[in-house]
Amino acid sequence: MSKRKLDDETDAAPADTEVKRVLSRFKSDTGQVLPGGLLDLPVDITVDKLQAICNALLQQEEPLPLAFYVNNVEVTDVLKKYVGKDFSISEDVVEIVYQPQAVFKVRAVTRCTGSLEGHKEAVISVAFSPDGKHLASGSGDTTVRLWDIYTQTPHYTCEGHRHWVLCISWSPCGTKLASACKNGSIYLWDPNTGKQRGKAMAGHKMWVTSLCWEPYHKNPECLYLASSSKDTDIRIWDTKRAQTCRVLSGHTKSVTCLKWGGNGLIYSASQDRTVKVWRAKDGVLCRTLEGHAHWVNTLALNVDYVLRTGPFHVGSRANQTDSPLEYARKQYDAVGEERLVSGSDDFTLFLWKPEREKKPIARMTGHQQLINDVKFSPDGRMIASASFDKSIKLWESNTGTYIASLRGHVQAIYSIAWSADSRLLVSGSADSTLKVWSIKTKKLSQDLPGHADEVYAVDWSPDGLRVASGGKDKVLRLWQN
């Protein structure tokens, strides 16, 4: 080593080699302070050490994977990089917010493993069953198709509709698939036989725009189904009798989207610029959520993923001795208070606490064109919104704070879906590609070309193993690692 270099390093060495320490405390993302009070930590403590200390305070027998945040920024290096320049080591207390992460990791899909042909018109909707073992698609050719995801061949073609199949929805128990068409008819199918269950449910005067089932923990028989229509009505059906139990009237224009929450409330979005909150058991209108200046296109709940998977232990380490009903209830309760997000043609989103407040938590702005799809991450901590402005935006789910924009598509984005561990997001676009995004880096993880035309629908299986996509080229594609 040269004398000059040695002198420089000696000059640069700090005179005070004592490691500085900082007073800290751990808080959950809901604001609960961990027992243990103030901790005296070295400022150069690593994330691994924070993991060990926090798990010890939580008294976890098996350590939980945790993420840590200081001032809303994730700690990925030593602590001192995140405490801010004006921070006083002697006086200030660092609040370290911890968030449990998914126990299992979903790997990014990287290649198309199957092209499922058979539909004669555009594929409008695709959906995996709650356990991830069945795949269904609805098409403009009036059919619903059930596919074998292992052999990647058609299982059954379900015929009965006389017009485009616009939406499909699996019951949370996984034993029934509902489909609805432009004629306003709703059919139920048995995924194991491909046969129609009961007679068609008719009553809507115009096409059906959305379907949703009563949550499993409310009724394990999955008896009741709600539908919305361009005729401005919402209908609740007894699927066994194929009869309307209740009609919810109040919207003045087409109802675009429907969600059935876990506490017995139904949320509906409409082209009349409102979101309405209904009590499912008696059809009473609880409140109307106002604020949007144009059509409301899409809704998402922070409990969507747990309601979708219901009784199925998909990638979970939870107590397998729980009954399916107990498990579904525990999963729902663990998420906490329901939050709703709405996306509109007015380029904005609103975040709501719809069970008790008419006033929004936040108005989320930044998109330059209409918002077509919005989804909460499965862990309920983040919101992704997809727009015709070719971008996806990420938002913090408690406050609606903007996090990042994901750019790469060159045309409108129609549909998005999260991986089960909330670490990845897939999007389908009019540019004929799918793209997989890393939430950690906020960057493109995989570019997935393959479709010959616009991609209308994407879904990520609840077990995280595969993605399905469909669109204008009439082909379903399956993507895996």
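**View 1. F68 and its ring partner F26 in the predicted model.** Let's start with F68, which counts as buried because its relative accessibility is 1%, below the 20% cut-off. F26 is buried too, with a relative accessible area of 2%. The structure holds six aromatic pairs. In the pair made by F26 and F68, the ring centres are 5.9 Å apart and the planes meet at 55 degrees, so this pair is tilted. F26 belongs to strand β1 (residues 21-28), while F68 belongs to strand β3 (residues 66-70), so their pairing ties together parts that lie 42 residues apart in sequence.

**View 2. The stacked rings of Y187 and W189.** Here the centres of the two rings are 5.7 Å apart, and their planes are at 15 degrees, so Y187 and W189 form a stacked pair. Stacked is the word for planes under 30 degrees apart. Have a look at how the two residues are placed: W189 counts as buried at 1% relative accessibility, and Y187 is buried with a relative accessible area of 8%.

**View 3. An aromatic cluster of F388, Y414 and Y456.** Find F388 here, then look for Y414 and Y456, which belong to one aromatic cluster with F388.

**View 4. K182 with the rings of W164 and W207.** In this close-up, follow the side chain of K182 to its charged end. That end sits over the ring of W164, at 4.4 Å from the ring centre. The charged end of K182 also sits over the ring of W207, where the distance to the centre is 4.8 Å.

Conventions. Residues are numbered from 1 along each chain as its sequence is written. This is a predicted model: local features need pLDDT of at least 70, side-chain atom pairs count only at pLDDT 80 or more; totals for chains, interfaces and linings use all residues. Side-chain values use heavy atoms; hydrogens and water are left out. Rings of Phe, Tyr and Trp (its six-membered ring) pair if their centres lie within 6.5 Å; planes under 30 degrees apart count as stacked, over 60 as edge-to-face and the rest as tilted. Helices (H or I, at least four residues) and strands (E, at least two) are DSSP runs, numbered from the N terminus. Buried means under 20% relative accessible area, exposed over 50%, partly exposed in between (1.4 Å probe, protein chains only). A charge sits over a ring if NZ of Lys or CZ of Arg is within 6 Å of the ring centre and within 35 degrees of the ring normal.
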